Amino acid sequence: MSNAALSARAPRKRPRLAEAVVEDLVNAIVTEIHPVGSALPPENVLCDIYGVSRTVVREATTALTEKGLVISQQGRGTIIEDQAHWNLLDPMVLGALFQREDGLAYLDNLSEIRASLEASMAAKAARNLTSEHAEALTRQMEKLAGLIETPAGYVHEDVNFHDIIMSMSGDRLSKAIIDGIQGKALKTFSYSGRLNVDHVRATHEAHTRIYDAIMGRDADAAGRAMREHIESSWRKRRPESAKRTGG
């Protein structure tokens, strides 16, 4: 592939300073500090607020436009778009959504999406099982079993357990969707919660049911076990209301 073609395919990387301004403005827009239909402060005011040049502010405004958050209107300035235009799968937008007062509704929706997609992928993993897959999944289960008394370590390897099954499924599009939306959620305390050993034991039992179904090539049982695991785990972790956190 030519250098020109590679350049065309690679996502454009903005200067770090512009990225910082973009992230702050995304949070302000999505959490409605700047409500829909209002205008962002003028360019010169944004320069003063962030202590940056007009070039940086223009870079930031371009990024906001690409995310569907704003539109430039002659005579009115940079206007906040209706949420119907927002790119909800953009990691920065998604992360800000989880911090909103109604962020719990988005976390509920994420859990529903995960349950549906990962149940399907678990079923496909059971159908696609090879000796190499079986070895990888068995090694991961052994690793998890050794971490039951260490919740923080278990959580990290839990993510890898799901990742192995998604990779086994061969469903790259569904995996990309899950990877994209869950990364930001995992940094949100309202989603990840604080796990204790009892919760980890219950989680490991659920993982074992999924593992046994996949190893037995029982696609229906694998899908059902995965759905039950994700739904049950979220019910246990789900807070009464979303709490604003960093990340």
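**Close-up 1. Packing of helix H7 against helix H8 in a predicted model.** In this predicted model, helix H7, which covers residues 131–145, packs with helix H8, residues 151–169, at an angle of about 165°, and their axes lie 10 Å apart. Because angles over 145 degrees count as roughly antiparallel, H7 is described as roughly antiparallel to H8. The crossing in which H7 passes H8 is left-handed.

**Close-up 2. Residues at the contact of H7 with H8.** From H7, the contact is made by His 133, Ala 136, Leu 137, Gln 140, Met 141, Lys 143 and Leu 144, while H8 contributes Tyr 154, Glu 157, Asp 158, Asn 160, Phe 161, Ile 164, Ile 165 and Met 168. Sorted by class, this contact comprises nine nonpolar, three polar and three charged residues.

**Close-up 3. The largest nonpolar core.** This core has 31 residues, and those with the most contacts inside it are Val 26, Ile 29, Val 30, Leu 64 and Leu 69. At least two residues of the core are supplied by each of helices H2 (16–30), H3 (43–50), H4 (54–66), H5 (91–97) and H6 (103–127), and H2 gives the most, with seven residues.

**Close-up 4. The surroundings of Val 26.** When its neighbours within four places in sequence are left aside, Val 26 is in contact with Leu 64, Lys 67, Leu 69, Met 92, Val 93 and Ala 96. Val 26, Leu 64 and Leu 69 are among the residues with the most contacts inside the largest nonpolar core.

**Close-up 5. A second, separate core.** This other core has 26 residues, including Tyr 154, Ala 213, Ala 222 and Met 226; Tyr 154 is also one of the H8 residues that make the contact with H7.

Note on methods
Residues are numbered from 1 along each chain as its sequence is written. This is a predicted model: local features need pLDDT of at least 70, side-chain atom pairs count only at pLDDT 80 or more; totals for chains, interfaces and linings use all residues. Side-chain values use heavy atoms; hydrogens and water are left out. A nonpolar core is a set of buried Ala, Val, Leu, Ile, Met, Phe, Trp, Tyr and Cys residues joined through side-chain atoms within 4.5 Å. Buried means under 20% relative accessible area, exposed over 50%, partly exposed in between (1.4 Å probe, protein chains only). Helices (H or I, at least four residues) and strands (E, at least two) are DSSP runs, numbered from the N terminus. Contact means heavy atoms within 4.5 Å. Axes are lines fitted to C-alpha atoms, for helices over the stretch in contact, and angles run from 0 to 180 degrees between N-to-C directions. Angles under 35 degrees count as roughly parallel, over 145 as roughly antiparallel, 65 to 115 as roughly perpendicular and the rest as oblique. A crossing is left-handed if the near helix is turned anticlockwise from the far one by less than a right angle, and right-handed if clockwise. Ala, Val, Leu, Ile, Met, Phe, Trp, Tyr, Cys and Pro count as nonpolar, Asp, Glu, Lys and Arg as charged, and the others, Gly among them, as polar.
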